Amino acid sequence: MPAKRTHLKRSLDSRSVKALALGAAMMVGTAAGAVAAEPGTSGLPVPRFVSLKADKVNVRNGPNRDQDVAWVFNRAGLPVEVTAEYETWRRIRDADGAEGWVYHSMLSLRRTALVAPWLKGETVPLRGSADADAKVVAKLEPSVLGVVKACDGKFCRITGDGFDGYVQQNQLFGVYPGEKVD
């Protein structure tokens, strides 16, 4: 099931532009795995993957509740990438590349992944072990959501509704290439 998102068209006001500029400035010099040291941030690495905590998550044009809602996610557990922090707000990017701001309490550190959401009309093999030659135990459709149990840098063990196995890491949105997850 693809990510559900409801779009609302709005323009950015001057406060949004300033907040976006501040968020971008906070990102300067940070690499994957670098820790943000700015006051008012979580201190966690930016960028990083997290998941949506609730079934309804408003994504705003800027980092405060006065900003217009750009769209609404309607599915808990979806993986998103945190690309910046501003006080209690997180700028996120979804599997489609769309970006916006969400309140930190709407996010969970629980790691999830979407199976190859960029594929159309193909399936991804779920293997019985972390080996390219391992037996295929299932074929997963694009955008199947799974919980990431572990990654060794090449394969991730993921579980979901009726499946448990290993997928090549480069076939997942929700983990970085080469990232190890325990």
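Thr 83 is found in strand 5, where strands (E, at least two residues) and helices (H or I, at least four) are DSSP runs numbered from the N terminus. The structure is a predicted model, in which local features need pLDDT of at least 70 and side-chain atom pairs count only at pLDDT 80 or more, while totals for chains, interfaces and linings use all residues. Residues are numbered from 1 along each chain as its sequence is written, and side-chain values use heavy atoms, with hydrogens and water left out.

**Thr 83 and its polar contact**

- At 3% relative accessibility, Thr 83 counts as buried, a term that means under 20% relative accessible area, with exposed meaning over 50% and partly exposed in between (1.4 Å probe, protein chains only).
- The side chain of Thr 83 makes a polar contact, at 3.3 Å, with the side chain of Glu 99; a polar contact is a pair of N or O atoms within 3.5 Å, where within protein one must be able to donate a hydrogen and the other to accept it, and where residues adjacent in sequence count only if both atoms are side-chain atoms.

**Nonpolar cores**

- The largest nonpolar core has 18 residues, of which Leu 52, Phe 73, Val 80, Ile 92 and Leu 107 touch the most other members; such a core is a set of buried Ala, Val, Leu, Ile, Met, Phe, Trp, Tyr and Cys residues joined through side-chain atoms within 4.5 Å.
- Two or more residues of this core come from each of strand 2, strand 3 (57-60), strand 4 (69-73) and strand 5.
- Leaving aside residues up to four places away in sequence, Leu 107 touches Val 50, Ser 51, Leu 52, Lys 53, Val 80, Val 82, Arg 90, Ile 92 and Val 102, with contact meaning heavy atoms within 4.5 Å.
- Another core, of 17 residues, lies apart from the largest one and includes Val 144, Val 148, Leu 172 and Val 181.

**Aromatic pairs and a charge over a ring**

- A search of the whole structure finds four aromatic pairs, where rings of Phe, Tyr and Trp (its six-membered ring) pair if their centres lie within 6.5 Å, and planes under 30 degrees apart count as stacked, over 60 as edge-to-face and the rest as tilted.
- The pair of Phe 49 and Tyr 176 is tilted, because the ring centres are 4.6 Å apart and the planes stand at 45°.
- Phe 49 lies in strand 2 (residues 48-52) and Tyr 176 in the loop between strand 15 (172-173) and strand 16 (180-181), so this pair ties together parts that are 127 residues apart in sequence.
- Trp 89 and Tyr 103 form an edge-to-face pair, with 5.3 Å from centre to centre and 70° between the planes, and they link strand 6 (residues 89-93) with strand 7 (residues 99-103), 14 residues apart.
- Trp 89 counts as buried at 6% relative accessibility, whereas Tyr 103 counts as partly exposed at 25%.
- Arg 65 lies over the face of Tyr 103, at 4.6 Å from the ring centre; a charge sits over a ring if NZ of Lys or CZ of Arg is within 6 Å of the ring centre and within 35 degrees of the ring normal.

**Backbone features**

- The peptide bond from Val 46 to Pro 47 is cis, with omega near 5°, and Pro 47 is found in the loop between helix 1 (14-27) and strand 2.
- Glu 87, although not a glycine, has a positive phi of about 50°, and this residue lies in the loop between strand 5 (79-86) and strand 6.
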